[in-house]
Amino acid sequence: KGVEKLGWGKDFWSVNPDFQDKVDEMRFQSSASGWLNLGFVVDSSSTNAWPGTKKADLPEGISHVRMTILQFLPSTTILACQFILSSDLTNSVEEALREKYYSYKEPIGSGYIIHDVVNQKRDSVTLARTFIKDLCSKWIKNNFPGLFSNSEIDGNFPTCELFTFEKYEPCINENKLKFDNYLWILNLDNYIDTWSSDDLENIFLTIDETRDNADKFNIVLFCNVNKALTDKDTSLYGENNKDKLTGFLSYMDKTFGLWVLYVVAKTYDRALAKLRDSLGQVGDLSSYDSNQKLINIERSFLDIQRNTIPFIYELKEYCKDKRSFLYDVYEFKAVHEIRQKHPPLFESVRNNLLSISKYLEFNIGSLETSTKACRQIASVNSSNWLAKTNISLQKIMSWMTFVMLIFTIITTLSSFEQLKKLFDLLKNFIIKYYITSQ
């Protein structure tokens, strides 16, 4: 549907114009399939696009998009999009940091809330970051159907942000920074939860579990733009350091694809947990409302099963061999010595996926047993209710039969009385007629 909407089905000159057919082939295979490059997407109004690019109506502030398709599992197709922002949108977070703020107090009840400068900056930066992520996510949601686009289950798009610094060098003299510094405002101050890769010089990764837990599945890459990847030849990716960096990082899509698998698994896990809790809140199974809730839960459970059952089987097979799972993946190791005794990041992702797959199987089996038992209890309650209702109806029908019998008798007697009067009139008429004749 998205391809038809964008008119890409008739685009024979772009990179992999028949990618729909190739995706179908990969989904019909019995094992992990492959990778497809869709090239660059530029705005429909662009007149100087590169050869082989696709066109679409891009949101204002998005320069272009690089797209690839990842098919780790036959039943799960991942569309990876790298959004390249315009300079105005790119600088919106920095502008929020550099903006001047003044502390003020807000009356509340019998007291006041003090809004200090640091928290105002943090709120402003969070708003700017959320705006960019929502802008990109909304474009995907409006153009491409999928698990997160269709809102079939609760969950946000997994995202990765890239922050570059001109002067600051991450993970150097971290302890000398003030508590309320700009890294704290950006949620990049957690040195313990920071990872680095031997293959990506001076590029660091953190999982941005924001302080309000609004976005648990946001990865952040950050680096000094002048120090990153200096050991690699990136001259083919652009003229300035930022273009070279974003061009090189576009080949991390498989690495991020594994993170997406983790997010999908966690999303299914959360959806099943919510159904489990909803089942526990059904209440009296003899009531009509409870039966309707149970029907809705069963319908939602069937919808989730349709996706999770093949996903679980294929995921277990894909994660079985660690070497093939981590092939062509940029592994990240903990920077802080406390975390270095633990496995690297994506090895931990593999271990978690194996654990989640077992837990998903358990939850599906548990929900199947529970919903079946609840349905049987509800059926018995319904049968008992129908039996009681039938007995009541039979009693009512018996009384109605008796009443109808009495009414019939009365009606019959009334008819006899009318016939008697008619007979008397007829007899009098005959006698009168006979006398008159004499």
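What follows is a walk through this predicted model, from the whole chain to its sheets, core and cysteines. Residues are numbered from 1 along each chain as its sequence is written, and side-chain values use heavy atoms, with hydrogens and water left out. Because the model is predicted, local features need pLDDT of at least 70 and side-chain atom pairs count only at pLDDT 80 or more, while totals for chains, interfaces and linings use all residues.

Start with the whole chain. The protein chain holds eleven helices and eleven strands. These are DSSP runs, numbered from the N terminus: helices are H or I with at least four residues, strands are E with at least two. Of the 438 residues, 39% are buried. Buried means under 20% relative accessible area, exposed means over 50%, and partly exposed lies in between, with a 1.4 Å probe and protein chains only. Contact means heavy atoms within 4.5 Å. Among contacts with a separation of 6 or more, 65% join residues 24 or more positions apart.

Now take the four-stranded sheet. This open sheet has the order β2-β1-β3-β4, with mixed pairing. Strands β2 (54–56) and β4 (76–85) stand at the edges, each with a single partner strand, so one side of each has no neighbour in the sheet. The twist averages 30 degrees from one strand to the next. Axes are lines fitted to C-alpha atoms, for helices over the stretch in contact, and angles run from 0 to 180 degrees between N-to-C directions. Two strands pair if DSSP finds at least two bridges between them. Strand β1 (residues 34–43) runs parallel to β2, and three bridges join them. D43 stands opposite A56 in β2. Two helices pack on this sheet. Helix α2 (residues 19–27) touches β1, β2, β3 (62–73) and β4, and its direction makes about 155 degrees with that of β1. Helix α5 (residues 117–143) touches β2, β3 and β4, at about 135 degrees to the direction of β4.

Helix α5 leads on to the other sheet. There α5 lies across β7 and β10, running at about 130 degrees to β7. Five strands form this open sheet, in the order β7-β10-β9-β8-β11, again with mixed pairing. Its edge strands are β7 (159–165) and β11, and each pairs on one side only. Strands β9 (residues 200–207) and β10 (residues 218–224) are antiparallel and share five bridges. I203 has C223 in β10 as its bridge partner. Helix α7 (residues 241–249) also packs here, touching β7, β9 and β10.

I203 belongs to the largest nonpolar core too. A nonpolar core is a set of buried Ala, Val, Leu, Ile, Met, Phe, Trp, Tyr and Cys residues joined through side-chain atoms within 4.5 Å. This core has 103 residues, and W8, L200, I203, L261, F332 and L353 touch the most other members. Helix α8 (residues 253–280) gives the most to the core, with 14 residues. Beyond its neighbours within four places in sequence, I203 contacts residues including W195, L221, L249 and F332.

Next comes V335, in the loop between β11 (333–334) and α11 (345–437). V335 is buried, at 17% relative accessible area. Its C-alpha atom is separated by 7.5 Å from that of Y191, 144 residues apart along the chain. Contacts of V335 outside four places in sequence include Y191, W195 and F204.

Last, the cysteines. The structure holds zero disulfides, a disulfide being a pair of cysteine sulfur atoms within 2.5 Å. For C136, the nearest cysteine sulfur is that of C81, 9.0 Å away. C136 is buried at 10% relative accessibility, and C319 is buried at 0%.
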